[in-house]
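Welcome! Here is a short tour for anyone meeting this structure for the first time. Please take a look at the sequence and the model below before reading on.

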Amino acid sequence: MWSPNLSDMPRVTLTTGFDGLRLAVFASALLLCFAPTLHAQEAQQRQPVIYLVGHPEAAPDFLLASLDGKPVSLVGARGKVVLLNFWATWCGPCRAETPDLIELQNKYKDSLEIIGLAVDVDDAAEVQSFVESSGINYPIAVAPNELRMQYGGITALPTSFLIDPEGRVVQKHVGLSNPILYELEIRALLHLAIPAKIETFDDTGQIFLKNAERATELPGVDLSGLSPWQKLVALRAFNAESCTCGCKLTLAQCRIYDSACHVSRERTATIVEEVSAATPKTPDSPASSAFKPSVTRAPQQQRRR
């Protein structure tokens, strides 16, 4: 995957929430970065790292009506950093992070636009009641299913997309995230000083599922027994074959979209075995491009999402 190997330096966790210990370690690392007793080079090595997409793609735009009837769109926020937050009133982590989002919006009100997109809404009045009781100070709209799919399908809540002032998605966070991480990324996009290093990565499906074809590793797929050529053949097969679980995605996309899917996990494992047995280890052989995976049949009862 795109993340570099871990080292001894403190790093910012990207896709999971911070528990108390991680937050304490992270805060200590930030303090150490600026401790006067530290050598400058040592302080540099101890800085946390944040990751942003190196070649970001445009975020899918939309035009929705907020709960108070005002238009909500990315075009209307162009020139600002946007934090697009998919959430639901029944989601505990979503409720937990709301005060932090309110504080961020207050702190960077002139250069940040947080947009809350409520999903699985049965009663808009319930959403409105939560917005009023919690004092949310950023626009809230109801996200249609089509918009959720344009953003790769939202498999967990909250899911947030960080969008730069040019309207491009530079990071995605699934689950409860540390507000310090959000603020570091926002400040980086605003070209403000941060006590962290910035590194970039290529989107291989972490942001947009359509980019799964770029991936060289997939969740739950063991490619370690294949040669580089066999690995390439297997990855091509994963991207050419649709998963039969009902997700309407390729096997590669399904592994990223739903790593718990047993259908894509078992099918990719079968393809790996077939490639290992039937494909030469190098592309020199004429038979090297002739691999055809066995045919799989859709289960009689497709898994519902």
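## Helices, strands and the overall picture

Helices (H or I, at least four residues) and strands (E, at least two) are DSSP runs, numbered from the N terminus. Phe161, a residue we will come back to, is found in strand 8. The protein has nine helices and ten strands.

Before going further, a word on the source: this is a predicted model, in which local features need pLDDT of at least 70 and side-chain atom pairs count only at pLDDT 80 or more, while totals for chains, interfaces and linings use all residues. Residues are numbered from 1 along each chain as its sequence is written, and side-chain values use heavy atoms, leaving out hydrogens and water.

How much of the protein counts as buried? Of its 305 residues, 49% do, where buried means under 20% relative accessible area, exposed over 50%, and partly exposed in between (1.4 Å probe, protein chains only). The accessible surface comes to about 15,700 Å², and carbon and sulfur atoms hold 53% of that; these areas come from the Shrake-Rupley method with a 1.4 Å probe, and for residues only the protein chains shown count as cover. Contact means heavy atoms within 4.5 Å. Among contacts with a separation of 6 or more, residues 24 or more positions apart account for 68%.

## Aromatic rings

A pair of aromatic rings is described by the distance of the centres and the angle of the planes. Here, rings of Phe, Tyr and Trp (its six-membered ring) pair if their centres lie within 6.5 Å; planes under 30 degrees apart count as stacked, over 60 as edge-to-face and the rest as tilted. The structure holds four aromatic pairs. In one of them, the rings of Phe86 and Phe161 have centres 6.0 Å apart and planes at 75 degrees, so this pair is edge-to-face. It links distant parts of the chain, with Phe86 in strand 5 (residues 81–87) and Phe161 in strand 8 (residues 159–163), 75 residues apart.

Phe86 is buried at 0% relative accessibility, and Phe161 is buried with a relative accessible area of 0%. Together with Tyr151, Phe86 and Phe161 form one aromatic cluster. The C-alpha atoms of Phe161 and Ile207 are separated by 8.4 Å, though the two lie 46 residues apart along the chain.

## Nonpolar cores

A nonpolar core is a set of buried Ala, Val, Leu, Ile, Met, Phe, Trp, Tyr and Cys residues joined through side-chain atoms within 4.5 Å. Which members of the largest core touch the most other members? Of its 53 residues, they are Phe62, Leu84, Phe86, Leu117 and Tyr151. Strand 5 gives the most to this core, with six residues. A second, separate core has 27 residues, including Ala215, Ala252, Cys261 and Phe291.

## Cysteines

A disulfide is a pair of cysteine sulfur atoms within 2.5 Å, and by this rule there is one. Cys91 and Cys94 form it, with their sulfur atoms 2.4 Å apart. The link is right-handed, with 80 degrees about the S-S bond. Cys91 is buried at 4% relative accessible area, and Cys94 is buried at 2%.

Cys243 is in no disulfide; its nearest cysteine sulfur, that of Cys245, is 3.6 Å away. Cys245 is in no disulfide either, the nearest cysteine sulfur being that of Cys247, 3.4 Å away.
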